[in-house]
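I opened my notebook to look up a metal site and some charged pairs. Here is what I checked, entry by entry.

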Amino acid sequence: MEIRILGAHLAEVRGARLTSLLIDSVLVVDAGGVTSALSLPEQKKIETVLLTHHHFDHTRDLVTLAANAGYYWRRQLVVCAQQYTLDMVSGCLLSGKLYTNFFEYPSKEKPTLILEAIEPYGRKAIAGYDVLAMPVKHSAPTVGYQVTSSDGRSLFYTGDTTAGIADCWRHVTPQLLITEVAGPNKYEDWLMKAGHLCPRLLGEELAQFRRLKGYLPRVIIVHIGNPYEQEIKEEVAQVAQELGADISLGYEDMKITL
Ligand SMILES: [Zn+2]
Ligand SMILES: [Zn+2]
């Protein structure tokens, strides 16, 4: 399984894109920064977009990706998420009021976008992977995804979450964990209220993972609050040292082979 981090940041600025992952060229998980990261031939290979939640920084490139798919190669794209998320993106971002209605274009019979719901705790075969949706703790209904390839390699991506996700750890057994750190420890209270993690909270969650599972996977951090990146990096390094864990900050176009 090859994972490419298309976007690893909380804000879009030159050199930084919004959170998005690409798995083996075909499966996108969160659509923050997809189209500016990939050439048209690369975009053409995408079969399915999985969404953790509806927030704009995780969904906005659905519009530009659907436009390219609809206008240039007339291929259908499956968007998979929990029903609440699908309702939010189809009712707001993709309602057809701002731009083409990609649920009816080029035709109602064969639209560009097809929606598929996945239940929390549900398992689904998606683009050749076994996908498990696990509820996490965020300010909007959010699920993290364990994606397992046919040769048994697994990653778990939490999406946006704050502390208190031990229930996830009970259900997943990944070789790679991709999670978020939106800000440094000094903003812990605010980050918790907003449904995010700081390095200290991440450390607690990882310690809990190890207690429950007896091991720690490699950890990659995304959704990095851009102005605090250096501070986050130093505090994450501290957590990694305390836990004896392999934790690193993700970056745009980083590739990981599992
Ligand atoms: Zn969010
Ligand atoms: Zn976010």
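Ground rules. The model is predicted, so local features need pLDDT of at least 70 and side-chain atom pairs count only at pLDDT 80 or more, while totals for chains, interfaces and linings use all residues. Residues are numbered from 1 along each chain as its sequence is written, chains are lettered from A and ligands numbered from 1 in the order in which they are written, and side-chain values use heavy atoms, with hydrogens and water left out.

Entry: the zinc site. I looked for donors (N, O and S atoms within 2.8 Å of the metal, or 3.2 Å for Na, K and Ca; water is not among the atoms, so sites may look incomplete). For the zinc ion (ligand 1) I found H53 (NE2), H55 (ND1), H138 (NE2) and D160 (OD), at 2.1 to 2.4 Å. Along the chain their spacing reads H-x1-H-x82-H-x21-D.

I then asked where H53 and H138 lie. H53 is in the loop between strand 4 (48-50) and helix 2 (56-59), and H138 is in the loop between strand 8 (129-135) and strand 9 (143-148), so the pair ties together parts 85 residues apart in sequence. Helices (H or I, at least four residues) and strands (E, at least two) are DSSP runs, numbered from the N terminus. H53 counts as buried because its relative accessibility is 0%. H138 is buried too, at 15%.

Entry: salt bridges. The rule is a side-chain nitrogen of Lys or Arg within 4 Å of a carboxyl oxygen of Asp or Glu. I noted ten of them. R4 meets E42 at 3.1 Å, N to O. R4 is in strand 1 (residues 2-7) and E42 in helix 1 (residues 40-44), 38 residues apart. R4 is buried at 15%, whereas E42 is partly exposed at 26%.

R4 also pairs with D253, at 3.7 Å, N to O. D253 lies in the loop between strand 13 (247-249) and strand 14 (254-257), so this pair ties together parts 249 residues apart in sequence. Shared partners join R4, R17, E42 and D253 into one network.

Definitions and conventions
Buried means under 20% relative accessible area, exposed over 50%, partly exposed in between (1.4 Å probe, protein chains only).
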